[in-house]
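The plan is to look up a few things and jot down what turns up.

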Amino acid sequence: MAGLSHRERVITALNHEEPDRVPRDLGGATTANMNIGAYTKLIKHLGLDEDPSQVRISRRERTAALSEAVLQRFDIDLRPLALGSAEKNPAIELDENSFRDEWGVIWVKPEGGHFINDLGPFQTQEPTLADVARYPWPDPRDPGRIKGLRERARRLREETDYAIVLGMPFTIVRECQRMRGFTEWLEDLVLNPAIAEGLLDYTTTVSAGIAEFILAEVGEYVDVVFLADDLGFQDRPYMRPELFRRMVKPYFRRLVDAIKSKSNAKVLLHSDGSVYPLIGDFIEIGLDALNPIQVSAKDMDTRRLKAEFGAHITFWGAIDTHRVLPMGRPEDVREEVRTRIRDLAPCGGYVVSSVHNIQADVPPENIVAMFDSAMEYGRYPITV
Amino acid sequence: MDFVELSSCVIEGDVKGTEERTRHALSQGVEPLAIINEGLMPGMDVVGEKFKSYEYFLPDLLVSAKAMKTAMAILQPLLVRQRVSNVGRVAIGTVKGDRHDVGKNLVGMLLEGAGFAVVDLGIDVEPAAFVKAVAEGEAQIVCLSALLTTTMPMMRTIIDQLGEAGVRGQVKVMVGGAPVTASYAAQIGADGYAPDAVSAVERAKELLVVHVRNQ
């Protein structure tokens with residue numbers, strides 16, 4: 001399969017066919033990124049003439065805007081399409097280490113760490129359905145988000161051959177938990193299902209509305225839409241699968257339908273943890289790909305996942321960030337990559353990336369080992 | 001007094017029912033400690049088993065813990081009055097640089113439900129705070145939580161500082177959190193590790209037996 005463009009490579013894999021090699025992601029999916037600490041060490045290690053102090057850093061996660069030099073060194077197949085910021089309810093700085101976001105959620109940063117959501121508007125007191133209905137939810141049609149977007153998308157499409165990933169700013173369950181409190185919303189599912197559903201309804205309305213609004217602008221240019229939610233712990237989903245199917249799944253279906261009504265892009269869902277019992281449901285509602293494949297979680301065995309679901313969903317990720325990347329030697333990283341490619345790459349349907357953002361404790365040699373071995377082992381037909 | 005109904009309320013996460021039956025038992029002259037030991041704790045034991053066997057998930061665990069906590073709020077003041085001692089004293093916290101608290105909160109709740117006196121030091125906790133809790137006799141067990149590979153190393157720092165303060169031998173250190181493993185725990189000199197909140201309670205009880213034996 002000679003002369004595939006980066007985009008063709010990704011589309012082929014997502015269509016469950018074998019391209020020339022396994023596609024590689026760094027910075028396309030929002031959670032397959034790199035912390036500024038790791039990036040600083042990497043550019044030094046690669047001998048690149050870049051000034052780390054000039055690198056743009058994302059405020060919340062402290063991830064670096066990756067240079068073309070780095071992305072091309074690793075021959076990364078995807079590029080992210082950046083959204084504009086909301087104008088109507090912009091984030092409000094409370095002080096140097098805290099802000100209130102567009103939804104009214106307060107975020108706090110510990111010293112040396114990164115921002116984490118701290119308190120939601122419905123957290124200290126149980127809301128009524130009227131409270132939820134009255135609340136000033138984000139405007140899905142905020143013009144700030146699409147400012148300059150169509151032009152940026154057009155240029156990415158016409159001036160490069162990369163596959164284009166659009167990260168949706170919001171999803172569903174994660175937003176409910178941020179608004180109501182992590183444990184509070186899970187308790188609501190059992191003790192106060194009307195409120196749990198009320199929140200699901202509104203977060204889905206906002207997220208689906210934003211998806212439709214954005215994709216009306218750029219749907220024709222986007223290859224992958226990325227949704228970052230979280231549905232699993234280390235050893236099990238947040239809720240029993242039966243409850244997920246009954247109460248939560250219909251809202252994900254609504255969001256996927258909204259995306260697909262405006263674009264032919266593939267839909268990629270991010271959920272950490274042990275989500276094995278839900279993968280059949282993800283497939284059923286039309287999700288095309290699953291990230292990050294947290295291999296350190298229970299039942300996320302890559303061989304088994306491929307055997308059971310590989311024909312129907314693309315796996316995106318799988319290179320362990322809990323142990324191998326931060327604590328392993330380069331040979332361990334190479335072996336990890338070899339194992340995941342062996343398990344997930346046959347018949348297409350695999351994009352290689354780190355399970356989560358590469359943190360500051362990952363040595364640059366390991367990052368190089370990851371992508372170089374992905375190149376070496378990832379040629380089709382897979383022989384490792 | 002038949003405690004089966006009370007245990008069932010806890011198992012089913014019936015917060016109101018648990019509260020009502022607790023008050024009823026008290027009004028019948030039942031001792032608070034008996035209500036805890038024969039009604040509430042057996043209920044939480046069953047909840048723990050159901051969680052371990054993947055019948056119960058986190059919402060169920062949280063709701064049962066809430067039922068238990070509601071009853072304990074009524075009973076705790078009465079226990080203090082009776083000077084009844086607890087199973088053990090625990091200080092728990094998320095290490096410095098880390099603000100994640102769900103797992104920590106759950107472990108704290110379940111430890112209280114199992115009869116431990118728990119001091120929750122919160123999140124983003126300075127190592128010195130853990131050392132202080134031990135030095136002042138507030139903790140026989142220290143439980144450390146971290147969700148990030150980048151904050152995990154603080155666990156070793158805390159263990160080192162307990163040594164430097166000369167109190168390492170007075171306390172058992174237990175560690176947990178998504179990236180933490182049993183082998184990491186052993187590497188850094190922790191006494192115990194648990195992969196989830198229910199096994200954390202079991203492990204705490206085991207550690208306490210060892211601890212008391214060695215004092």
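Predicted model: local features only at pLDDT ≥ 70, side-chain atom pairs only at ≥ 80, totals over all residues.

**Cysteines.** I started with A:Cys176, which counts as buried because its relative accessibility is 0%. My cut-offs, with a 1.4 Å probe and protein chains only: buried is under 20% relative accessible area, exposed is over 50%, and partly exposed is in between. B:Cys143 is buried too, with a relative accessible area of 5%. Then I counted disulfides (a pair of cysteine sulfur atoms within 2.5 Å). The count over all chains came to 0.

**Ground rules.** Residues are numbered from 1 along each chain as its sequence is written, chains are lettered from A and ligands numbered from 1 in the order in which they are written, and side-chain values use heavy atoms, with hydrogens and water left out.

**Where A meets B.** I looked up contacts next (heavy atoms within 4.5 Å). On chain A, 32 residues are in contact with 26 residues of chain B. The two chains bury about 2,500 Å² between them, and 66% of that is on carbon and sulfur atoms. Buried area here is the accessible area (1.4 Å probe) that two parts lose on being put together, summed over both. Which residues of chain A lose the most area to chain B? They are A:Glu187, A:Arg236 and A:Arg240, together 25% of what that side buries.

I also checked for salt bridges, meaning a side-chain nitrogen of Lys or Arg within 4 Å of a carboxyl oxygen of Asp or Glu. The rule finds 3 across this interface. In one salt bridge, B:Asp60 meets A:Arg240 at 2.8 Å, N to O. As for which elements are involved, β5 (116-119), α7 (182-191) and α12 (324-327) of chain A each give two or more residues to the side that touches chain B. Helices (H or I, at least four residues) and strands (E, at least two) are DSSP runs, numbered from the N terminus. The largest share of that side, 7 residues, comes from α7(A).

**Salt bridges elsewhere.** I picked out A:Asp223 and A:Arg7, which pair at 2.7 Å, N to O. They sit 216 residues apart, with A:Asp223 in the loop between α8 (193-218) and β7 (224-228) and A:Arg7 in helix α1 (residues 6-14). Buried or exposed, what is A:Asp223? It is buried, at 3% relative accessibility, while A:Arg7 is partly exposed at 31%.

A:Glu336 and A:Arg340 form another bridge, with the closest N and O atoms 3.1 Å apart. Both lie in helix α13 of chain A, 4 residues apart, about one turn of the helix. A:Glu336 is buried at 8%, and A:Arg340 is buried at 13%.

I found a cis peptide bond from A:Asn291 to A:Pro292, with omega near 0 degrees. A:Pro292 lies in the loop between β9 (289-291) and α11 (302-309) of chain A. The bond from A:Tyr380 to A:Pro381 is cis as well, with omega near -5 degrees, and A:Pro381 is in the segment after α14 (364-377) of chain A.

Last entry: B:Tyr54 has a positive phi, near 65 degrees, in a residue other than glycine. I located B:Tyr54 in the loop between α3 (32-52) and α4 (58-82) of chain B, and it counts as partly exposed at 31% relative accessibility.
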